Amino acid sequence: MTVTVRPSTDADLPAIAAIYGWNVLNGLGTFEEVPPDAAEIGRRRATFLARGLPYLVAERDGVVLGYAYAGPFRLRAAYRYTVEDSVYVGPDAVGLGVGKALLAAVIAACEALGLRQICAVIGDSGNAASIGLHAALGFERKGVFPDMGYKFGRWVDLVWMQRPLNGGGSREPDTPGLELNGV
Ligand SMILES: CC(C)(COP(=O)(O)OP(=O)(O)OC[C@H]1O[C@@H](n2cnc3c(N)ncnc32)[C@H](O)[C@@H]1OP(=O)(O)O)[C@@H](O)C(=O)NCCC(=O)NCCS
């Protein structure tokens, strides 16, 4: 299957909203319960793009199959070298390598920005696809926070995974990092 990974555009927002909305309504990878519309997805995306972070889509024959991005892990200043990734593939395209192509491209873009850590905060300790995908790309599982969410009538864990970028904490920063000024 020939899949192209490229930066997202405004024209991709309805497809991204559809993929994410399906996961909101059917999956435990996100703890959101009401699907945001394309305009809201666009507002969120703008906050990541404003910091120069990657927000990518994978497409085949002009159809968006999935998307992935990196966002700040937290907004307080000292987190400026750390990002958290998100990756979603449409239900008809899972298991075909799309997620791996997307996440590999997000990792490469974050390394090019001089960042030092990327982490995944994965909804549901039974989320074998996301845990397996992250492990396949060098993330190490660091722990589980049990019962952090309540969705579909049951308690849901968070699985924490982490991957160093550019040597991680082995040396001092050599770039300014992300602009963060939140609380
Ligand atoms: C998680 C998700 C993005 C993975 O994308 P995908 O395109 O299905 O995954 P890929 O086909 O690229 O698989 C990449 C690797 O992940 C692992 N993997 C994928 N699915 C797996 C599964 N069901 N069980 C175990 N490992 C799996 C494998 O190591 C695989 O590599 P391999 O095919 O060479 O063995 C996708 O399944 C998805 O969108 N899930 C729902 C939303 C979600 O939970 N997103 C993550 C939020 S943190």
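The legends below describe close-up views of aromatic rings in a predicted model. Residues are numbered from 1 along each chain as its sequence is written, and side-chain values use heavy atoms, without hydrogens and water. Local features need pLDDT of at least 70 and side-chain atom pairs pLDDT 80 or more, while totals for chains, interfaces and linings use all residues.

**View 1. Aromatic pair of Tyr-55 and Tyr-69.** Rings of Phe, Tyr and Trp (its six-membered ring) pair if their centres lie within 6.5 Å; planes under 30 degrees apart count as stacked, over 60 as edge-to-face and the rest as tilted. This rule gives 11 aromatic pairs. Tyr-55 and Tyr-69 are stacked, at 4.6 Å centre to centre with 5° between the planes. Because Tyr-55 belongs to strand E2 (residues 55-60) and Tyr-69 to strand E3 (residues 63-72), the pair ties together parts 14 residues apart in sequence. Strands (E, at least two residues) are DSSP runs, numbered from the N terminus. Tyr-55 is buried at 6% relative accessibility, and Tyr-69 is buried at 17%. Buried means under 20% relative accessible area (1.4 Å probe, protein chains only).

**View 2. Aromatic pair of Phe-73 and Trp-160.** The ring centres are 6.2 Å apart and the planes stand at 80°, so the pair is edge-to-face. Phe-73 is in the loop between E3 and strand E4 (82-89), and Trp-160 is in strand E7 (residues 154-164), 87 residues apart. Both Phe-73 and Trp-160 are buried.

**View 3. Surroundings of Tyr-55.** One aromatic cluster is formed by Tyr-20, Phe-48, Tyr-55, Tyr-67, Tyr-69 and Tyr-88. Over the ring of Tyr-55 sits the charged end of Arg-45, 6.0 Å from the ring centre; this requires NZ of Lys or CZ of Arg within 6 Å of the ring centre and within 35 degrees of the ring normal.

How values were computed
Helix = DSSP H or I, 4+ residues; strand = E, 2+ residues; numbered from the N terminus. Buried < 20%, exposed > 50% of the residue type's maximum accessible area, 1.4 Å probe, protein only.
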